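Please read them with the structure open.

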Amino acid sequence: MAINRKPIVAVAAAAVVSVSLAACGGGSTSGDGGGSSKEASKGGTLYYLTRTSAEHMDPQRMYVGRDLSNMNRLVYRGLTTFPITDDPDAKFSVVPDLATDTGTASDGGKTWEFTIRDDAKWEDGKPVTCEDFKYGISRTFATDVITGGPNYILSYLDVPVAPSGLPEYNGPYKGDHQEDYDKAVTCDGAKLTLHFRNAWPDFNYAAASLRSFDPYREDKDQGEKSNYQIFSNGPYKLEGKWDATQGGTFVRNDQYTESSDESDSRQANPDKIVYTQGLENEVIYDRIIADSGDDAYAITDRRVPPAYYTQVTGEVADRSSLVDSPYVSYLLPNFNQMKNLKVRQALYMATDVVASTTALGGDKAGTPAKSIVAPNIIGYAENPNFTAPPEGDPEAAKALLEDSGEKLPYPIKFTYAGGTPTLDKQAAALAEGWKKAGFKVTLDPLTDTYYTIIQKPSNDADVVWGGWGADWPSIATVIPPLFDSRINLTENSNGQDYGNYKSDTVNKMIDEAAQIADVDEQAAKYTEIDDQLGKDVAYIPLELTKFYFVRGSKVTNYINNPMTSGFPDLGAIGVEN
Amino acid sequence: MTAYIIRRMFTGIIMLIVMSMVTFLLFFSSPVNPEDFACGKNCSPALKAQTKKALGYDEPVTTQWVKFAKGVFVGRDFPDDPALKESAPETIAECPAPCLGYSRTTNSTVTEQIKEAWPISLSLAITAFFMWMIGGIVFGVIAALRRGSIIDRGIVGASLVFYAFPTFFIGLFLYKFLAIKWEIVKIPEYVPISEGGVSVWFQGLLLPAFTLSLVYMAGYVRMTRAFVLESMGEDYLRTAKSKGLAPRKVLYKHSMRAALTPLVTMAGLDLAGLMGGAIITEQVFNYPGLGKLAVTATRNFDLPLVVGIVLVLAAVVIVANLVVDLLYAVIDPRVRVG
């Protein structure tokens, strides 16, 4: 899912928005370490300080990595979930959650079966049933009410599509073509069966990452009005109301039993978790670094602002963690503008990733990426076409440009998501490298209109910025959404294919990959496609974003779990009591 | 007087209508598509079209404005979908008159949100108002009475410094040192009087209000000083002094009265402006008032919320203008309302 760079009004924002859309990528603990050695203990209050408010608390509408992971640990259990680990090299795995096992695939990966546990309860004591799952999944089809969320999965379930391009079934509120949905998703007692249009060999990973396949109680559903209502089946429940801008407080759910949860992913250590949203990054870090009062029990999902790096020393450094995020930043040559392959190759060779990353904050902000796919994602491999030194090779780039037959200096317009001094510095650093190779660069920073402008097929940028993190740990959630021209390119929009890349070869390979039922074989096919993208210079990898956090001194068992997007794992963290 | 008030109120209503139209037009002339915000990033063109329809943005701007205006008087239901009303009435949000719209990003009526946020902005504005008025007038008068002295220069210099610094800098500076480092005041947090009592409410309010007051106080110090000095040079004050009136009486009864008249106009308008939210202060201190709500609404391209806040703010300024004009006549006998 895309990384959103959204500058805010009046107050300077951090370099790259760390709360990005859904992801479940890999991470690796490094540098300052990612965990706290203090043993977890039950009790106390954990404070969660953040800037960006949750857009949705409705499981079927959520699409932000932080919220998907956190709410899964606290209130929304799914069919499967990810185990707790801070091992950066841990191979991705899923464990059963509300299902008795991690699911059984059949029909070449097109059908999945799960058996729902009979001992899990909602916060009012009623059991979680297969029907609750069926109802929850049906809500994603009500796209006129349940807006947002990973709605592209509508096309995965085997429900007929209308000429408009939307499914015939329009969700439980209107219920048109209900019979189609009833064939695609069935309940036979506790047995839930899902029928998909194509092979979905790693569906159980998607179910762990996204909340779209979570259960929902029909009698609690008020459609759009339910956006901030939280009805829990996890170890915590919301106390009072969720404030859309300020947050809320979670307390223990007395209907949750440890025996009904064999995932070992919810230690549920604090008695209470207080969420405070809307704080500026600088304020968050002033408070956490000062470590006084309640702030000693605080954690955050916000990255340390580069200006605060010098304060993270001594005792504060002991409270810091530096881990890989699942997000990769990259550049996209606009194929409507930059049609000459040699020019695109020259652009890549001249790209100074080191200077770009330094402008963002150095090794605590990111490390040079070798692919558009994050390491640890199933199917990751260094793209063999991106072998230039990370600081670029201006001489080789110049030679390529001269060999391209184009008139020099070659003019390019770089449109990027700007609005902060850090992002402007990054753009300037990139431009400097390109100029050395013979490009004449015009910088075009945009703020709130960025995606609107670059998504227009007629936009005249030669290069644009992009960012992405996988929706679940599979390369299949990276390549098709970004480079399948058939789902992206229309008359008025290029979707996520901001570079207007169109390749029949790549599209054909994507179709072939979609038919493969084995996870590893499918991933290998996508790796081949990535290689082809590299040959075409469909993208230029920049940096793998790093997460650099500091926590309060009285936080225990602190873990940045690579399987939950590298954010602090609320399933493990506790506080001194 | 009554005719004057009615005339001014009528003009105010016309202004509100025009402002709502202008806000609508500006919103739709922007290159940003509001449905993109609601639909998410992986949205197909068909889904975008459906989201646009669900939000009601597929209708002509004039139709949307007429529906909005009608809602102010008779209320509305959201979404306005007859099929949904029949099949799933529990999903319909009712917005009783005066309905200013329904925010699809916060999933509540604009009126409800403004009702929740306004007391917070009001608390902040009034507390800051008292702080800056007292500080501004006291220091301004002292500076005027000690004209040319070190005290005068110190006060004027300090006010210049606070006037020059941006609010977010002063706010973050005070937050960092007074609240976080030295722990002199509590971490700012709005607690309604009904929940924590006056003491907790005030403690949570102290730092944001102080920040806001410093910025305004600086201007008021300089203006009070200038007005007092100006009035002290007037002939009628020389006459009062030569008649043998006590200096204190000359200052408070004659000089201050003349000096305060223009300050009242300014203070009224400043206070009215702040009632619509102190955007930067609320943002820095995470105070969920109208200012922060306005920023959030703008960032989310939330038209109903933006229009609602604009109208409430405009209404407050229009009413405050009228009140100030009426007060002006009371304070300054030379002014007569016709």
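At what angle do helix α7 (residues 341–350) of chain A and helix α9 (residues 394–403) of chain A pack? Point 2 takes this up.

1. Basis. This is a predicted model: local features need pLDDT of at least 70, side-chain atom pairs count only at pLDDT 80 or more, and totals for chains, interfaces and linings use all residues. Residues are numbered from 1 along each chain as its sequence is written, while chains are lettered from A and ligands numbered from 1 in the order in which they are written.

2. Helix pair. Helices α7(A) and α9(A) pack at about 170 degrees, with axes 8 Å apart (axes are lines fitted to C-alpha atoms over the stretch in contact; angles run from 0 to 180 degrees between N-to-C directions). α7(A) is therefore roughly antiparallel to α9(A), a term for angles over 145 degrees. From α7(A), the contact is made by Lys342(A), Val343(A), Gln345(A), Ala346(A), Met349(A) and Ala350(A); the α9(A) side consists of Pro394(A), Ala396(A), Ala397(A), Leu400(A), Leu401(A) and Asp403(A). Two residues are in contact if their C-beta atoms, placed from the backbone, lie within 7 Å.

3. Overall fold. Chain A has 15 helices and 20 strands (DSSP runs, numbered from the N terminus: H or I of at least four residues for helices, E of at least two for strands). Its radius of gyration is 23 Å, close to the 25 Å that the globule rule gives for 577 residues, so chain A is as compact as a globular protein of that length. The radius is taken over C-alpha atoms, and the rule is 2.2 Å times the number of residues to the power 0.38. Of the contacts in chain A with a separation of 6 or more, 75% join residues 24 or more positions apart.

4. Annotated span. The unreviewed UniProt entry annotates residues 94–485 of chain A as "domain: Solute-binding protein family"; such annotations may be inferred rather than shown by experiment. The span is 24% helix and 21% strand, and its end C-alpha atoms lie 32 Å apart.

5. Burial. In chain A, 62% of the 577 residues count as buried, with 20 or more other C-beta atoms within 10 Å of their own. Helix α2 (residues 130–139) of chain A has eight of its 10 residues buried, including Cys130(A), Phe133(A) and Ile137(A). Its buried residues pack against α3 (178–184), β7 (185–188) and β8 (191–195) of chain A.

6. Chain contact. Chain A gives 50 residues and chain B 44 residues. On the chain A side, α5 (281–290) and α11 (450–454) each give two or more residues, and α5(A) gives the most, with five.

Key
A residue is buried if 20 or more other C-beta atoms lie within 10 Å of its own, exposed if 12 or fewer, and partly exposed in between; C-beta atoms are placed from the backbone. Angles under 35 degrees count as roughly parallel, over 145 as roughly antiparallel, 65 to 115 as roughly perpendicular and the rest as oblique.
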